[in-house]
Amino acid sequence: MEEGRLANKVAVITGGGNGIGRATALLFAKQGASIVVADIQEDKAEETSQMITDAGGQSIPIRVDVTSGADNELMANLAVDSFGGLDCLVTAAGISHANYVSGDIEPDIKNVVANRADYLERPGWEFVEGDPDHFDKVLAVNLKGTLLGMQACVARMLESETKGSIVTIASIAAKHPDAGPLAYTTSKAGVWMMTKKAARMLGPVGIRVNSIGPGFINTHMTAIIDFMDEVETAAFNAMIPLGRRGEPAEIASAALFLCSDESSYFTGEILHPDGGFFTE
Ligand SMILES: NC(=O)c1ccc[n+]([C@@H]2O[C@H](COP(=O)([O-])OP(=O)(O)OC[C@H]3O[C@@H](n4cnc5c(N)ncnc54)[C@H](O)[C@@H]3O)[C@@H](O)[C@H]2O)c1
């Protein structure tokens with residue numbers, strides 16, 4: 001018998017190759033869960049999985065593009081075929097803009113710095129000139145990707161009558177328009193509403209669906225913040241009552257609570273590990 005807060009559970013984690021997804025995979029494994037690590041960056045998924053098995057845990061990696069229904073099906077089936085069930089899903093795969101590649105800062109610099117300088121000279125035009133194809137890409141990964149992952153995993157839970165727990169990763173950007181670009185904030189607001197809707201639709205079968213809306217967390221996605229000068233960085237940190245960005249492990253522990261039986265009466269809820277950003 002495994003020990004830990006997720007003993008004998010099986011968890012699927014999308015975006016498990018980097019950042020918040022990786023920290024969640026490592027913590028869940030430490031707490032006794034067997035983990036399917038899914039990511040579009042296959043080498044990174046393999047790396048996370050290796051870290052887990054090196055530490056004595058159970059894990060299997062899979063390359064998944066969350067925008068593909070077929071990939072999500074393979075991912076959910078892999079959990080059942082490899083570990084005999086599927087209890088938890090954490091949907092951490094995400095992009096901040098259409099050209100985002102986790103770990104590559106160049107598209108971020110181009111997207112954020114170059115665009116911002118240009119549009120400061122031409123107020124209002126950033127909204128008008130937003131590329132609809134870029135919008136579609138962000139919505140496809142962040143919103144539709146979350147839906148497809150949930151559908152594939154919930155199907156397996158229903159078949160085995162498992163009262164599973166699903167954790168979506170939204171953002172403070174789900175509620176605050178300044179916390180990201182237009183498509184990103186829109187996608188995260190969608191993730192949050194989808195979480196609430198799914199919680200209501202799945203409550204009768206005992207499947208819980210909650211969300212985490214992190215503040216600014218130290219991952220590849222926020223690496224661009226380190227390009228600010230000292231004054232800007234100080235102003236940025238001053239927005240956050242705790243005066244610092246969060247660490248991926250601090251989001252993973254919120255996910256652990258939501259996937260464990262300790263949160264058995266939570267569904268349709270969002271937790272904001274955000275250093276106090278949302279205090280009023
Ligand atoms: N870092 C933050 O400050 C922050 C704040 C709020 C929410 N989030 C959200 O947390 C989640 C994790 O982001 P992170 O900060 O760890 O960034 P990250 O770049 O470290 O991780 C994102 C992961 O998603 C994977 N991914 C991207 N597109 C994919 C696709 N189509 N299919 C499968 N995998 C894909 C990437 O390869 C990467 O491993 C994202 O949904 C992000 O929006 C992050």
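Helices here are DSSP runs of H or I with at least four residues, numbered from the N terminus. You are looking at a predicted model, in which local features need pLDDT of at least 70, side-chain atom pairs count only at pLDDT 80 or more, and totals for chains, interfaces and linings use all residues. Residues are numbered from 1 along each chain as its sequence is written.

**View 1. Asp 131 sits in the loop between helix 5 (125-128) and helix 6.** Asp 131 has 10 other C-beta atoms within 10 Å, so it is exposed (12 or fewer such atoms, with C-beta atoms placed from the backbone). Now find Thr 219: its C-alpha atom is 26 Å from that of Asp 131, and the two residues are 88 apart along the chain.

**View 2. The ligand is surrounded by 31 residues.** A residue joins this shell if its C-beta atom, placed from the backbone, lies within 6 Å of the molecule. The closest are Gly 15, Gly 19, Gly 94, Ser 102 and Thr 219. Helix 1 (19-30) and helix 6 (132-159) are the elements that give two or more residues, and helix 1 has the largest share, with three.

**View 3. Helix 1 packs against helix 9 (residues 248-259).** Their axes, lines fitted to C-alpha atoms over the stretch in contact, are 8 Å apart at an angle of about 55°.

How values were computed
Buried ≥ 20, exposed ≤ 12 C-beta atoms within 10 Å, placed from the backbone. Axes fitted to C-alpha atoms, helices over the stretch in contact; angles between N-to-C directions.
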